[in-house]
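Have the model open and follow along.

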Amino acid sequence: DFVMNKLQLLSDSEIAPLTKTVTPRKVKSSIGGSTRASKTTLPPFLTQFRHLFVRELQQFVRDTETLRARLGMTFILIILVGMVFFGTSRDWGEDGNSTDIYTTLNDHRGALVFVALTAMFSSSQPMLLVFPQERPVFIREHTAGTYGTTAYMLAKTLVDVPVGFMQSAIMLVIAYWMIGFNGNFFYLVCALTLLCMVSSSLSLILGAACKNGESAINLSPAVFVPQMLFSGFLIAASNIPIWLRWIQWGAPLKYALSLEMLIDFHHSAVPDDRQEHVNSYLYDHEIAKDAWWKYVVIMLGMFVVLRLSTSLILHVRAQKFA
């Protein structure tokens, strides 16, 4: 483990001279008695996945300190958000006063924004150090032919997704009634879960690409802060310079907020005399009422692409030691 830990901190140019001094082990071939380099055969995929999934699950259950810290941070932040926005979404503004109605809609949207930000940061921060901490063991086991990167990533994903759903449900159980959200509770939990899944995937790929945890932590603001800038709640997308607007389409926070607003401003949850104001508000923020499925598909696509990319990065890094 010490040697692996040291090697993973070296650049390609520093590793290259070392590989020239290593001679592949030769074994007798069963054909003609010639010699060839030994080749490791991976176990069947389902066998790899089963053992990795059980190990990930056991590690999650046993690491109670990390779980308590993660849920504790979520609980504290969402309680704070709930107190600041207490009862905000129950108020639809004064009848006949368009300015007051628009102000209350802004407050309503602000509550959704900070619930989404809580979900994004509470799910992404714990994942930044996962691969920097596990890399020596992963490289050793992968190099030994114990398992492949696909089974490893799939097992980790199937443990992460339920955790994200549980975390989102805990947040909504508190915020839904404190703030007074009006949309379908289950749909809001699913929207937050999608955001948690993509945010944790961004952290995983950052941790896989960086050589150590410190680098991943230092680079994380460059990944998450732009999402706040381009998600549309600080400044309208139409007011952003046209040559920068394209960045918004790569911000999962933008899609999550749009999805949350469509759920909580659904016609079944809005008073009849506020329907026109809500429709105008959604239009002003460039949110199409019939585009909810596009937001879901885009976020799922981001999740799959990021996880596959992380698996590829891990495979490339592990091949240096093969």
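## α7 against α8

Helix α7 crosses α8 in a right-handed fashion. Bear in mind that this is a predicted model. The two axes come within 8 Å and cross at roughly 130°. An angle over 145° would count as roughly antiparallel, so α7 and α8 end up oblique to each other.

On the α7 side, the residues touching α8 include Asp160, Val161, Gly164, Phe165, Ser168 and Leu172. Their partners in α8 include Phe185, Phe186, Leu188, Val189, Leu192 and Cys196. By class, this contact splits into 16 nonpolar residues, three polar and one charged.

## The helix itself

So what does α7 look like on its own? It runs over residues 149-180. With 32 residues, α7 reaches 44 Å from its first C-alpha to its last, close to the 46 Å expected at 1.5 Å a residue.

Where does α7 bend? Look at Leu172, where the helix bends by about 25°. Leu172 is also one of the α7 residues that meet α8.

## α7 against α4

Next up is helix α4, residues 64-84, which packs against α7 at an angle of about 25°, with the axes 9 Å apart. Angles under 35° count as roughly parallel, and α4 and α7 are therefore roughly parallel to each other. Their crossing is right-handed.

From α4, the contact takes in Leu67, Arg70, Leu71, Thr74, Phe75, Ile78, Ile79, Val81, Gly82 and Met83. Across from them in α7 sit Val163, Met166, Gln167, Ile170, Met171, Ile174, Ala175, Met178 and Ile179. The tally here is 15 nonpolar, three polar and one charged. Met171 belongs to this set, and Met171 also meets α8.

An α-helix has 3.6 residues a turn, so residues three or four places apart point the same way.

## α7 against α12

The remaining partner is helix α12, residues 292-319. It packs with α7 at about 140°, the axes being 9 Å apart, and that makes α7 oblique to α12. Here too α7 passes its partner in a right-handed crossing.

Which residues meet at this contact? From α7 come Thr149, Thr150, Tyr152, Met153, Lys156, Thr157, Asp160 and Val161, and from α12 come Phe303, Arg307, Thr310, Ser311, Leu314 and His315. By class, that gives five nonpolar, six polar and three charged residues.

How values were computed
Residues numbered from 1 in each chain as written. Predicted model: local features only at pLDDT ≥ 70, side-chain atom pairs only at ≥ 80, totals over all residues. Heavy atoms only, no water. Axes fitted to C-alpha atoms, helices over the stretch in contact; angles between N-to-C directions. Helix = DSSP H or I, 4+ residues; strand = E, 2+ residues; numbered from the N terminus. Parallel < 35°, antiparallel > 145°, perpendicular 65-115°, else oblique. Left-handed = near helix turned anticlockwise from the far one by under 90°. Contact = heavy atoms within 4.5 Å. Nonpolar A, V, L, I, M, F, W, Y, C, P; charged D, E, K, R; others polar. Expected span 1.5 Å × (residues − 1). Bend = angle between axes of the 7 residues up to and from the residue.
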